[in-house]
Structures are given as structure tokens and as C-alpha cells.
Amino acid sequence: MNLKWTLHVENFARVREADIQIAPLVCFIGDNNSGKSYLMSLLWGLLKNSDLFYNNKPNETATYHECREWISAHIDKRAGVIDEDSEQIYVRWFNELLAQNKDRLMRRTFNTDLIQLGDMRITDFSRMKKLSVKITSAEELRVMRTTRLSGEDSHDKIGIEIPADKETFDAIWWKAGVFVAWNLLMLGLTDIVPFDKNITGSIYLPASRTGFLLARREIALKSIAIRYSLADTENAVQETLTAPYIQFIQLINSFKDTPKFFNDVRKAPLYQFLKDNIISGDVESKLDGQVIKYIPNDLNEQEFPMSISSSVVTETASLLLLLAAQTEFKSLIIEEPEAHLHPDLQKKIAQLIVRFVHSGIPVWITTHSDIILQHFNNMIKLSNRPAEEREALLEKFNYTDDDLLTADEIALYQFNRYEQHTAVQKLNSGKYGFVIPSFNDAIQSLLNEIFAFQGDD
């Protein structure tokens, strides 16, 4: 990742205050019903809703005019690198856009007005690569168009095409400014979607993956019936899903026949690792996506429908199909990746997550698995060993450099649930990795019972 920032929230659901610093790997751990999924959904909603900014003209504040001056000053230059002072102007404007659209963002993410958010803003922003903006103009152009250019070694690059005549520029310049602000903070995490709503950007895999996968067609048919039926629903109880869940249902209903090639070379080894080490077989979408079958390695290519496949298959099938699909995504959020997995497979899924990170795809998870977190700790400890020892241990335990993890690649947050609120604590890595107080306390309590109950015999 070429950037860092912290999302600061106040009075969000049960969470009084939290500061979440993004990283290639982010883990939320802690008590049930403490707000982990809510906060992860909010992060996803922030990545997914750039069009809110594009569809709502910003308030004309002092920062608004500073950004306008930056765009105007660089039109004739045809290019400009956003220096640190200008970065802070755009971050300040981004926070103003957040404040202006906060309620819309909450409603669109959670599909309810019951979840409240007091404050939300970006802090502690920094970029390892500066953002270079190429600006072109054309007299006949009446609608701003934006493009993303390939990055150079020293800069990330974006392009903006805007009208040269002053009247049209005055009317729409702010869309170019929003594009600059968005890419400054989000390039590499998601895609901007002012014109193409089919761009996926960030994927959210919810905890109830198996249920949605097995009932995907029935859910779709029911939704169509409700949407287009004239049936009386005045007295019916209306259930809603949050936007991440809706995206997941749309995703699994969009899978067509599994392709035999990869348009993204990063995905092929991840796909192969999941097949070989976790499900011991393959999952294929057939008949234009109407049927999803599991083909185990050891049964002569016999095919099984999802309804009679094991839970490890149904839990991971959506991820396998996502890797095989021609779907562009920049980041991945997974709730409880350990669900229904044997401890050995939990270690394998942790290994896969690290390989995602090393392929350039950030992964953010919620988890209750001490095995997953211990694997992360092991990889941190291994990466800290002297080079000669590290190479020998990699070979002995059948790991590669792609499995290693450094402490600065991961951010770990513990959610502690109290009677009236949740406290979110950032955990720091020490000599032996991260110490997880909630896990350690639970394990120690269990050990105390073991010693007390087993007796002297």
C-alpha cells in the first residue's frame, strides 16, 4: 500500500470512539456483539460510495475554494504533483465532504436510520508515493472525464480532462477536485465509480456465506416477486439487509461459467492454493451460473451440488469463484474466515490471507480464531530471524517468502464490550508478535478449570 490514514469515529452504534489505521492486513477481534462487523461495514461503505460525493455538490467553504485554485493553477501546466501542503488541503476537503454526506453514507450502507454516527473523519494521512495529476482540456468537452494512468516508480498517476471555457469549468470543476481527493486517499483500495456502477472495487464476504450461497436463487426470485408484484404488503413486516450483504448476494448470483484463464496473474496462485490446500478439489459455476458444483480431487471428477457439499466447501466457494471470475477488485473484507474450519485449515486460510496481502490486495478481517492470529505472529517472528536461519526454517516448514509477515503490515484492534458501550483498543506487536488479552484470558480460565476438575488421579 502506498498510503496510510486513520478513520476516526465517535458515537457510532456501541462504539464511543475509535481510531482505525488502515494497513495491508487489518484484524478486528474481541467480544461478540461489540460492533466489529458494524465498523468493518462502515469502512467498506466508505470505500464503495464515491458517487455520493459526485452527486452532491459540495458546500462552498474556504477549503472548497483552495482546491479550486489548485485545479485552476495546474490547467496550463497540464500536470501537477500534490505536495504535502496540498495533500492536507485535499484531506481537509475530503473530511468536509464526509461531514456533508455522512447521513447519506450511513443510510446507504446499513439501509436503516437506527444506527447513529456522531463524527467521522480521516486523520494521520501520509503517502509513500506522491500523487501526480495530469490535466488536459478540450474546447468542445462539456462533461468532465477522468482516467487512471499507470503509476511511475516515484508517483501514482491520474488524469483529468476538463473543459477550457470558463463558464463550463466553473460549473463542474468540483467533480475534478473530488476525483483528485478520492484518489489521493483511496487509490489502491478501491475503484472510483462516478460513471460505472458495475465496477466492484472492494468485496465484502459476510459471516453467513453458506446460507446465502445455498439460497441465492430463492433470494433472488423472492426479491423480484416483492419488487414487481402488486401484492398487498401494507401490513407485512419489511426486512432489510445491509449493503455489504446485498453486494454479496448480487456477487454470487453474477457468477457465470467458470473461465479457464485468469485476466489477473495475481489471482491464479491464490486460486490454486485454495483448491489444493483447503478444499482439496475445485468449485465450478455451470449452466450460465445456475448451478455450482464441487469436484473433489479423489473421486474421479464426480460432481456434487453445494447442498450436499461439506461446510468447508460452501464457506470458501464464493472466494474461489471470485478469484476465478473476471471481477476486478482492489481489496477484500472477510468476516470470520475461520468459520467451520478445522484448526489445520484455519492455519491454511491464514496463510492464504497473507499471500493475498503480498499479491497487492489488502485484506481486512473480523475473527475469533486464536489459531489465525497465532499464525500471523509466527510469520512475524519468522521474518525477524537472521537471514540464514530464516531460510532454513522456511524450507523445514514448507513456507516461502510470500508467507512472511512484518509487524508494520498488520493492524490489530480488540473490541471490549461493556454494559453500555464498546471500547476499541489498538494492540501493539512486541518481541513475540501480538498479545491478545481476550484470548489469553479465556484460555487461562479454561486451563484453571482443567486443573481443578481433573483431580489428583
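Strands β15 and β16 form a hairpin with four residues between them. Strands here are DSSP runs of E with at least two residues, helices are runs of H or I with at least four residues, and both are numbered from the N terminus. The model is predicted: local features need pLDDT of at least 70, side-chain atom pairs count only at pLDDT 80 or more, and totals for chains, interfaces and linings use all residues. Residues are numbered from 1 along each chain as its sequence is written, and side-chain values use heavy atoms, with hydrogens and water left out.

Two strands count as paired if DSSP finds at least two bridges between them. Within this pairing, Tyr 413 has Lys 426 of β16 as its bridge partner. Strand β15 is also joined to strand β3 (residues 25-30), again by six bridges, but here the strands run parallel. Ile 29 is bridged to Gln 414 in β15. Strand β15 spans residues 410-417 and is mostly covered, with seven of its eight residues buried. Buried means under 20% relative accessible area, exposed means over 50%, and partly exposed lies in between (1.4 Å probe, protein chains only).

The whole chain can be described in the same terms. The secondary structure comes to 14 helices and 18 strands. Of the 457 residues in the protein chain, 50% are buried. The chain exposes about 22300 Å², and carbon and sulfur atoms supply 50% of that area. Accessible areas come from the Shrake-Rupley method with a 1.4 Å probe; for residues, only the protein chains shown count as cover. Contact means heavy atoms within 4.5 Å. Among contacts between residues at least 6 apart in sequence, 74% join residues at least 24 apart.

Strand β11 (residues 291-296) is joined to β12 by two bridges, and Tyr 294 stands opposite Phe 304 in β12.

Next come the charged side chains. A salt bridge is a side-chain nitrogen of Lys or Arg within 4 Å of a carboxyl oxygen of Asp or Glu. The whole structure holds 17 salt bridges. One of them joins Glu 10 and Arg 121, whose closest N and O atoms are 3.9 Å apart. This pair links distant parts of the chain, since Glu 10 is in strand β1 (residues 3-12) and Arg 121 is in strand β5, 111 residues apart. Glu 10 is partly exposed, at 25% relative accessibility, and Arg 121 is partly exposed at 31%. Lys 275 and Asp 282 also meet through their side chains in a salt bridge (3.7 Å, N to O). Both Lys 275 and Asp 282 are buried. Glu 284, Lys 286, Lys 293 and Glu 303 are linked in a network of salt bridges.

Two loops complete the tour. Most residues other than glycine have a negative phi. Asn 111 has a positive phi of about 55° although it is not a glycine. Asn 111 is in the loop between α4 (84-110) and β5 (117-127), and is partly exposed, with a relative accessible area of 31%. Leu 241 lies in the loop between α7 (216-228) and α8 (243-254). Leaving aside neighbours within four places in sequence, Leu 241 is in contact with Asn 111, Phe 212, Ile 246 and Ile 249. Leu 241 and Thr 112 are 129 residues apart in sequence, yet their C-alpha atoms are 9.1 Å apart in space. Leu 241 is partly exposed, with a relative accessible area of 34%.
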